[in-house]
Amino acid sequence: MKPIKTFNDVMNYCKQNEVIYKKLVTEVGKKSLIPFVGTGLSSAIKVNKASIFPVWKTLLNDLADEIHDETAKRHTLNLIYKGNYELAAEIISDCHGENKLFNDLKHIFNDSKIPKQFNKQQKEESVFKLVDLFGESIILTTNYDAVIERVYATKQIYLQPATTIDMTPVNSALDRSRNGVLFKLHGDINANPKSIIFTRSSYYENYDKSKQLYNTLYNIVQNNILFFVGCSLTIDRSMKVVKAVKDDNVGKHLHLGITNVNGQSVDDRIQYLADIGIEAILYPDGEHKSVKLVFDQLIKDVK
């Protein structure tokens with residue numbers, strides 16, 4: 001298959017892409033979407049050709065490499081290889097200790113790694129185009145870092161980060177009484193350490209159906225159309241909530257997204273996402289420039 005070079009290449013990759021793109025134009029134009037941003041957008045910001053922040057799998061591998069007990073290290077790396085990220089994170093936390101783990105995360109996602117002045121190439125990345133497309137809409141993210149806030153600040157939009165420690169800004173954004181809220185579902189590296197959701201036990205605790213995070217996210221998914229970008233769109237905790245809304249037959253619509261095929265055939269990926277409740281523009285694995293191509297065209301078509 002030829003590499004993706006143009007917007008039309010993305011549209012031609014999959015027969016449903018053009019249909020979904022037209023829906024995206026309509027919904028962005030109506031300002032009805034809530035973006036759900038994954039690590040793929042933050043990690044696209046690079047300095048000297050290296051990502052300033054790691055994606056989830058890379059983060060876990062790096063932390064696992066620091067485990068001193070060789071047996072525990074091999075076991076953890078094997079869990080990561082098999083995709084059992086939550087259990088791997090639990091072992092990493094046990095081996096490092098909670099305080100050291102938070103300090104490690106604080107170092108890895110330190111604000112000092114974010115350029116004080118973004119260069120022209122960095123400003124071409126998709127995370128910058130979020131501002132043009134979604135303005136001061138509430139944004140959902142599982143990212144710990146401050147890339148989104150810094151990017152928005154370059155356009156004089158100062159987002160208020162919010163976590164499960166204090167949901168007041170999120171509730172205000174959802175009832176439309178305020179704008180410019182960034183809901184960091186899994187915590188903020190610059191806030192209360194207790195906001196960080198990293199280990200399997202912390203996921204179990206926060207995604208229990210009786211807990212605030214689960215119910216808030218469920219209600220957001222039920223009552224809004226989400227747009228997933230920079231996300232792997234595999235069945236992780238947040239995706240299980242999206243699927244729960246679909247399975248409970250209380251969702252009013254399918255959500256939208258843009259993602260790679262993730263090692264599946266196009267047809268299998270379409271079905272996989274439909275079972276969760278998402279229809280997405282698809283592109284080949286490794287062709288992440290497709291997101292930028294779609295965003296560039298979207299900005300033209302919405303205007």
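In which loop is Lys31 found? Select Lys31 to begin: the residue sits in the loop between helix 2 and strand 1 (33–37), where helices (H or I, at least four residues) and strands (E, at least two) are DSSP runs numbered from the N terminus. The model on display is a predicted one, in which local features need pLDDT of at least 70 and side-chain atom pairs count only at pLDDT 80 or more, while totals for chains, interfaces and linings use all residues. Residues are numbered from 1 along each chain as its sequence is written, and side-chain values use heavy atoms, with hydrogens and water left out.

Lys31 counts as exposed because its relative accessibility is 73%. Buried means under 20% relative accessible area, exposed over 50%, and partly exposed in between, with a 1.4 Å probe and protein chains only. Lys31 is not a glycine, yet its phi is positive, about 55°. Most residues other than glycine have a negative phi.

Next, select Thr26, which belongs to helix 2 (residues 17–29). Thr26 counts as partly exposed, since its relative accessibility is 42%.

**Helix 6**

Move to residues 85–96, which form helix 6. This helix has 12 residues and reaches 16 Å from its first C-alpha to its last, close to the 16 Å expected at 1.5 Å a residue; the expected span is 1.5 Å times one less than the number of residues. Colour the buried residues of helix 6, among them Leu87, Ile91, Ile92 and His96. The elements that cover the buried residues of helix 6 include helix 4 (56–64), helix 5 (70–81), helix 7 (98–108) and helix 11. After helix 6 comes Gly97, with a positive phi near 90°.

**Two loop residues**

Which loop holds Gln122? Gln122 lies between helix 7 and helix 8 (126–134), and counts as buried because its relative accessibility is 6%. Leaving aside neighbours within four places in sequence, Gln122 is in contact with Ile45, Lys46, Val47, Pro115, Gln117 and Phe128; contact means heavy atoms within 4.5 Å.

Ser195 is the next selection, in the loop between strand 6 (181–184) and helix 11 (200–206). Ser195 counts as buried, given its relative accessibility of 1%. Its contacts, again leaving aside neighbours within four places in sequence, are Thr163, Ile165, His186, Gly187 and Asp188.

**Helix 12 and helix 13**

Show residues 212–223, helix 12, together with residues 237–247, helix 13. Their axes come within 9 Å and cross at roughly 55°. Helix 12 is therefore oblique to helix 13. Axes are lines fitted to C-alpha atoms, for helices over the stretch in contact, and angles run from 0 to 180 degrees between N-to-C directions. Angles under 35 degrees count as roughly parallel, over 145 as roughly antiparallel, 65 to 115 as roughly perpendicular and the rest as oblique.

From helix 12, Tyr214, Leu217, Tyr218, Val221 and Gln222 meet Ser238, Val241, Val242, Ala244 and Val245 of helix 13.

**Leu233**

Finally, select Leu233, in the loop between strand 7 (225–229) and helix 13. Leu233 is buried, because its relative accessible area is 2%. Although Leu233 is not a glycine, its phi is positive, about 55°.
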